[in-house]
Amino acid sequence: MNQSIVTTEEPGTGFIPRRGAVHTLSILVNNEPGVLMRICQVFSRRGFNIDSLVVSEGRNANFSRMTIGISGDPEGLDQIIKQVSKLIDVIHCFEHTSADSVTKEMILIKIKCSPADRSQALQITEHFGGKTVDLTPTSMVVMITGDSPKVDAAVGMFSQFEIIETVRTGKVVMARGEQAT
């Protein structure tokens with residue numbers, strides 16, 4: 001069975017921002033197989049959707065940091081944090097807000113861009129503090145970093161061009177000051 005995957009967005013259709021994650025959790029875990037699956041099961045059983053997921057090895061290779069953006073009924077959030085914290089291989093699980101942490105994400109946007117339209121695309125890139133990371137005679141790839149609303153706004157502005165594809169990271173979070181993440 002042939003199945004085609006369309007990765008382009010229709011120009012002029014407008015940009016509909018993705019649903020923003022209501023909560024951002026930082027989870028420190030033992031770097032062991034199966035940990036992510038067990039954590040995801042907790043969210044699934046409680047009816048929470050994972051909107052963003054970033055997992056990386058920590059400074060110590062025995063541990064990994066998970067940053068998970070989730071949406072769901074806020075009433076069940078405390079219960080989820082408690083259940084995740086009780087899992088084997090979970091060191092700790094914290095919710096972070098914009099008041100107590102720095103949260104960023106990154107997007108790569110590939111657009112069709114003729115030489116005549118390039119200056120407008122470069123102005124948008126500069127406005128959002130982005131960088132051009134690839135440039136051909138007919139296209140360009142732009143990298144934008146920031147919080148979710150900034151990234152959403154940048155994609156909205158670039159939708160006046162033909163967006164060939166986008167690749168977006170999940171959120172990464174770090175506690176402000178000397179507080180541990």
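Predicted model: local features only at pLDDT ≥ 70, side-chain atom pairs only at ≥ 80, totals over all residues.
Me: What makes the backbone oxygen of alanine 121 and a polar side-chain atom of threonine 125 a polar contact?

Reply: They lie 2.9 Å apart. A polar contact is a pair of N or O atoms within 3.5 Å; within protein, one must be able to donate a hydrogen and the other to accept it, and residues adjacent in sequence count only if both atoms are side-chain atoms. Residues are numbered from 1 along each chain as its sequence is written, and side-chain values use heavy atoms, leaving out hydrogens and water.

Me: Why is threonine 125 called buried?

Reply: Its relative accessible area is 4%. Buried means under 20%, exposed over 50%, partly exposed in between (1.4 Å probe, protein chains only), so 4% counts as buried.

Me: Which residues does threonine 125 touch?

Reply: Gly130, Lys131, Thr132, Met140, Val142, Ile144 and Phe158, not counting residues up to four places away in sequence. Contact means heavy atoms within 4.5 Å.

Me: How do you know that strand 1 and strand 4 pair?

Reply: Pairing needs at least two DSSP bridges. Strand 1 (residues 23-30) and strand 4 have six, antiparallel, so they pair. Leucine 28 has histidine 92 in strand 4 as its bridge partner. Strands are DSSP runs of E, at least two residues, numbered from the N terminus.

Terms used: Helix = DSSP H or I, 4+ residues; strand = E, 2+ residues; numbered from the N terminus.
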